[in-house]
Amino acid sequence: WRLVVVDGKPQKIPCVKAWEEAATCDAALITKWWETWPESGVGSPPDRSGHVVLDIDDKNGKSGSDALAALEAAHGATPATMEVMTGSGGRHLWFKGEGKNTASKLGIGLDTRGKGGWVAMPDGASYLLLNAGPIAPLPEWIKSDIFAVKHEERKRLDDAPLDQPVDLERARRY
């Protein structure tokens with residue numbers, strides 16, 4: 001990944017198009033990429049190694065730490081696991097298991113990265129390893145919330161006609 005400025009805001013973007021298919025451990029290809037983008041960071045698709053990452057954001061008026069504390073009060077403490085401090089001062093908690101990408105579904109400032117997502121790896125500069133592990137299993141309460149579909153959303157999906165032109169166009173673009 002590399003850092004670019006979009007609409008005045010820094011954003012991390014993958015250096016390689018079709019990064020999901022391009023993800024590799026091939027040393028020669030990685031060396032070529034480092035030569036092409038020497039200032040880039042390493043990103044990892046957590047699902048490829050059987051992991052889900054809980055992304056705790058404490059920025060832009062969001063307090064993922066407070067949201068997580070409220071969830072832990074209701075469900076019990078999150079187990080100790082691999083933990084990375086992010087470049088913006090947030091945290092990534094790594095868990096064994098399956099999951100998908102979400103944005104603030106668990107709570108404001110709590111995202112998940114799993115299938116179809118990627119996370120920046122510790123680089124010793126902006127992403128710092130706080131706890132190397134071992135990596136704990138994904139708590140059941142997080143898993144159930146990741147995959148939960150709210151009743152209102154389920155009703156909307158059940159009542160919606162299939163194959164509307166807007167849905168077909170979105171699928172074609174995807």
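The model is predicted, so residues are numbered from 1 along each chain as its sequence is written, local features need pLDDT of at least 70, side-chain atom pairs count only at pLDDT 80 or more, and totals for chains, interfaces and linings use all residues. Side-chain values use heavy atoms, with hydrogens and water left out.

**First stop: the core.** Select Leu 54, Leu 68, Phe 95, Leu 110 and Ile 142, which touch the most other members of the largest nonpolar core, a set of 15 residues. Such a core consists of buried Ala, Val, Leu, Ile, Met, Phe, Trp, Tyr and Cys residues joined through side-chain atoms within 4.5 Å; buried means under 20% relative accessible area, exposed over 50%, and partly exposed in between (1.4 Å probe, protein chains only). At least two residues of this core come from each of β4 (51–56), α3 (64–75), β6 (91–96) and α4 (140–147). Helices (H or I, at least four residues) and strands (E, at least two) are DSSP runs, numbered from the N terminus. Apart from this core lies another, of ten residues, including Trp 94 and Trp 118.

**Second stop: Thr 102.** Next, select Thr 102 in strand β7 (residues 102–107). Thr 102 counts as buried because its relative accessibility is 8%. Its side chain and that of Thr 112 are joined by a polar contact of 2.6 Å.

Finally, select Leu 128, in strand β10 (residues 128–131). Is Leu 128 buried or partly exposed? Leu 128 counts as partly exposed because its relative accessibility is 31%.

Terms used:
Polar contact = N/O pair within 3.5 Å; in protein donor to acceptor, adjacent residues only side chain to side chain.
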